[in-house]
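Colleague: I have the model open now, could you walk me through it?
Modeller: Gladly, here it is.

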Amino acid sequence: MDHLDKLEAQSVYILREAYREFKSLCMLWSIGKDSTVMLWLARKAFFGHVPIPLVHIDTHYKIPEMITYRDRIALEWNLNMIYGENREALQSKLTFPDGNTDRITCCKYLKSEALKHTLSGQWPRYRMDHELKRYVPDEGKEPYTGVIVGVRADEEGSRSKERYFSPRDKDNVWDVGDQPPEFWNQFKTDFAPGTHVRIHPLLDWTELNIWEYIEREKIPVVSLYFNQGKGTRYRSLGCYPCTNPVDSVSQTVPEIIDELKSGRLSNIAERSGRAQDSEDGGLETLRRDGYM
Amino acid sequence: MITGASRAESALLVIDVDEGIKENSKRHGQMVSMLGVKQVTVLVNKMDLVDFSQEVFEKLKADYSEFLAQIKVKPVSFIPVSAREGDNIATLSERMPWYNGATVLQQLDGFTSDKQLEDKPFRFPVQDIYKFTRQNDDRRIVAGTVAAGSVSIGDEVLFLPSGKQSAIKTVESFNTTPKQVASTGSALGFTLTTQIYIRPGELMVKPSEPLPEVGTRFRVNIFWVGRAPMILEKEYKLKIGSARESVKLAEICNTLDASDLSYSKNKHQLDCRDVGECILETSRPIAFDPAAASETTGRFVIVDNYEIAGGGIVIENLSADETLLQRHIRERENNWEKGLIKTEEREHANRHRAKFIVFTGVPGTGKRSIAKALEQGLFSNRLNAYYLGVANIDRGLDADLGFNADNAGERLRRIGELARIITDAGLIFITTIDDADDYDIETLKQLNEPSDILVVNLGENSFSHYHPDLQIPAGGSVSDAVKEVTDLLKTKEIIIEYQI
């Protein structure tokens, strides 16, 4: 087994463990390369099926290609696709693009708050109807108690402190200093009522591994990751007002792999194109409060 | 530290030569030993503070080797280094001409990945059974990760502890070329040539190879990290391979304080950071390999109050010993206080014998309707029957247990104890249990002694070896089922023919 085989086997094991142990499980799909690899790994784990609902938080400021791609894949792969949003903040224009909040607060409203209330079932969810080929209000209101998230330990400082199975209390609070031990391949899968857990099958993957795996498996990803002739491409995807492309000529997956191996991007953080990270407190503050 | 170390295949233990061997050096050595990390190199750091003295290095090496030998760790090498100055890290240090071994980098490259697992007997903890029917998929797939050895299409396989057998029909995976063989480390699935009922948690092996142990009582080493101590006879949850079972700490043989390595023979609990040689008992048999034979199927964790509170390895199977349950029943019976009425006198007055009747089978087979109709039928013939709805116990007798799955063993014990009392009172005691397996029935049978149990299974028979006294197909009429049970009670002379 090579390194990618081992990473794949471990992630598949974790996904199956999650599916076995949690009655109310969902997977967050940000449409980005990492969670798309995770979705592919779910198809590996469940032999072509995805028996877990996929949840996307739509800020309605996502780059349009992302949404087109999401819905095309949802239909092709027969996914139980769900999205949620912060309708109130959007209606009252409490956003950064509207000039009414700073970036961090905008993230908090459109992502953290929307996520929290979508997971708990308090806010409306919309489900892809495969007959009608469009979204309809979802009848399901039950809270998701197990949430599968595609974070990687190498991405950013706070994410390296995660466990594969990481508990959150009922207010979503993450106690970084007091986490359960993980012995061998036995994880914390028992939870007191009222708590829930984040599951991280991609924790050991690096950005390079992700691209190598996309190449090996020929996984379709959004075209925004590739240079379309302007000499720039997105390295990390988010909302268009706060996400900038990086300078890069890579037009294909092998070119991205070469670029990463060459070290040309080694001094530039992967999320450097994400403006909210550089504001006060940045990602750790957002994450303690429920951001992924 | 445990989380990281348990995933490691090799370790560098760093000791400050200026401080010498301290509590932490010992604790880390103990953890590495306990977690089964086989390749250990000791870095003796800050050699610059002792003028790169070979004498100081050799003294520490001798002392620490002696300590490591006690805990059965045999280091691959000792390297004198100065991490700050870079001595012996990437290149050999000119300041320690007396050292000609590997540098730290060379040593790291010299560590090997554990390939021996591939040559061991095939072990496949069944993680789950999938049947996804979307898009007309009719595969029933046994999913998991190969822990050791390999298996090929056509191989005979055995599931433990149930003892069921079948053979590999296909190796299943997504987006790969078709596979003939499944080798160590791969996470995949199988379909079988025959349809057998198995549960997640079983260990799939090849009957042609050395078999794992199966038992309920075993000697183990536990490293306890729980906030609350581990105490005798409390019910915990054990996770080994893909199995989860309720478990009790039956005995503490000795404990080791990981900080000062002092042994204690008479502790009655395991405190945080104690390493204990103990005897554990599960409520049902589990399949495992003693850690000396294969560590991947001999390692377990213990869950206390939702948290992983300890980890350990199985040393040996002790299933021939008297179990906690047997001892409990022996002591209970020795101290049973009898009234003045003899069993025969009750039977004479009641005109029937006492019996504990259990209806089993998968949920939704109509067990409860039949059980209630049986009670009514017997009662209308003026026989003393009593039907107990198990849900009544949840909010009554078992109210203290909450809805915690770890207490499954205790719930079952209480039903068994109730049966002991009610059959002693001379009644025909009727209840239902969903999805009972061989060990549930064996436990109830033992607890109900000296009276006897009668088991009626409805629908699919999911027992491994146990033969229910009566097998009734699902979907038949209630009155026919009641008649069948009543006829059996007559045959067994629980009730006398002319009474009915």
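Predicted model: local features only at pLDDT ≥ 70, side-chain atom pairs only at ≥ 80, totals over all residues.

Colleague: Let's start in chain B: what is the bridge partner of Val142(B) in strand 10?
Modeller: Val142(B) has Phe190(B) as its bridge partner there. Residues are numbered from 1 along each chain as its sequence is written, chains are lettered from A and ligands numbered from 1 in the order in which they are written, and side-chain values use heavy atoms, with hydrogens and water left out.

Colleague: And how many bridges join strand 5 to strand 10 of chain B?
Modeller: Four bridges join strand 5 (residues 141–145) and strand 10 (residues 187–192) of chain B, and the two run antiparallel; strands here are DSSP runs of E with at least two residues, helices are runs of H or I with at least four, and both are numbered from the N terminus. Two strands count as paired if DSSP finds at least two bridges between them.

Colleague: What do they belong to?
Modeller: In chain B, a closed barrel of six strands runs 4-5-10-8-7-11 with antiparallel pairing. Neighbouring strands of this sheet are turned by 45° against each other on average, direction ignored.

Colleague: Switching to the interface, how many residues are in contact?
Modeller: With contact meaning heavy atoms within 4.5 Å, 37 residues of chain A touch 53 residues of chain B.

Colleague: Salt bridges between the chains, how many?
Modeller: Four are counted between chain A and chain B, a salt bridge being a side-chain nitrogen of Lys or Arg within 4 Å of a carboxyl oxygen of Asp or Glu. One joins Lys237(B) to Asp190(A), with the closest N and O atoms 2.6 Å apart.

Colleague: What about Arg216(A) and Glu8(A)?
Modeller: Their side chains meet in a salt bridge at 3.2 Å, N to O. Arg216(A) lies in helix 6 (residues 207–217) of chain A and Glu8(A) in helix 1 of chain A, so the pair ties together parts 208 residues apart in sequence.

How values were computed
Axes fitted to C-alpha atoms, helices over the stretch in contact; angles between N-to-C directions.
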